[in-house]
Amino acid sequence: MTARILGIGAVTSLGSSLQQTLTALDDREMGLSRERKAIGIDGLPMTLAPVWSLHDLHNPLERLARLATLAVKDLAGQGFDVAQATRFSLCLPAWVEQGGHADPLRSRLAERWSVSPAHITVSFADRTSLLDLAFAAQKHGSAQILIVAETYLVAELLERGGHLGRALQ
């Protein structure tokens, strides 16, 4: 049994859909900004690529929930029947687990997506690689939606997604 990626939904600092993000990348846009309200360990403002302005959504769990929901919406907007997915697999930042926020986020998303929380599995970026996620998808064998949610642009992941997105077009 093999796992196949049928589509990618994306919401990034470069666009609210995969197509907008790929177009911006092709135009060599970076989406980086100097965030004066976020101070790094060196005491200087951080350079980030937030999907939304850092302080537009104060609740970090709401930021992740909205990000994941809009990515699924983008996928549906591309013509994929997301209702066929029997499970959602989330790969979340390590701070979600460290703060004990995984179950509240799972419940929040289950309510938004009208699915049982049991249909949403969670892993964490500090202990999960893209290869691990691919093997997990292959093991289950049923239609599922994999969501890698981070509130800041992960350049390496986006670059790989860009190549994959072009291959799917």
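Guide: A word before we look around: a helix axis here is a line fitted to C-alpha atoms over the stretch in contact, and angles between N-to-C directions run from 0 to 180 degrees. Keep in mind that this model is predicted.

Visitor: How many residues in the contact of α2 with α4 are nonpolar?

Guide: From α2 the contact takes in residues including L61, L64 and V72, while α4 brings L105, R108, L109, R112 and W113. Sorted by type, the contact residues include one polar and four charged. The nonpolar count is eight.

Visitor: Which strands does α4 lie across?

Guide: Helix α4 spans residues 102-113 and runs at about 140° to β4. That strand belongs to an open, parallel sheet of three strands. The strands that α4 lies across are β3, β4 and β5.

Visitor: Which strands stand at the edges, and why is one side of each left without a neighbour?

Guide: The sheet's order is β4-β3-β5. An edge strand here has a single partner, so one of its sides has no neighbour in the sheet. The strands in that position are β4 (120-124) and β5 (144-148).

Visitor: What is the bridge partner of L90 in β4?

Guide: Strand β3 runs over residues 87-92 and pairs with β4 in the parallel sense, over five bridges. In β4, the partner of L90 is V122.

How values were computed:
Residues numbered from 1 in each chain as written. Predicted model: local features only at pLDDT ≥ 70, side-chain atom pairs only at ≥ 80, totals over all residues. Heavy atoms only, no water. Pairing = 2+ DSSP bridges. Helix = DSSP H or I, 4+ residues; strand = E, 2+ residues; numbered from the N terminus. Contact = heavy atoms within 4.5 Å. Nonpolar A, V, L, I, M, F, W, Y, C, P; charged D, E, K, R; others polar.
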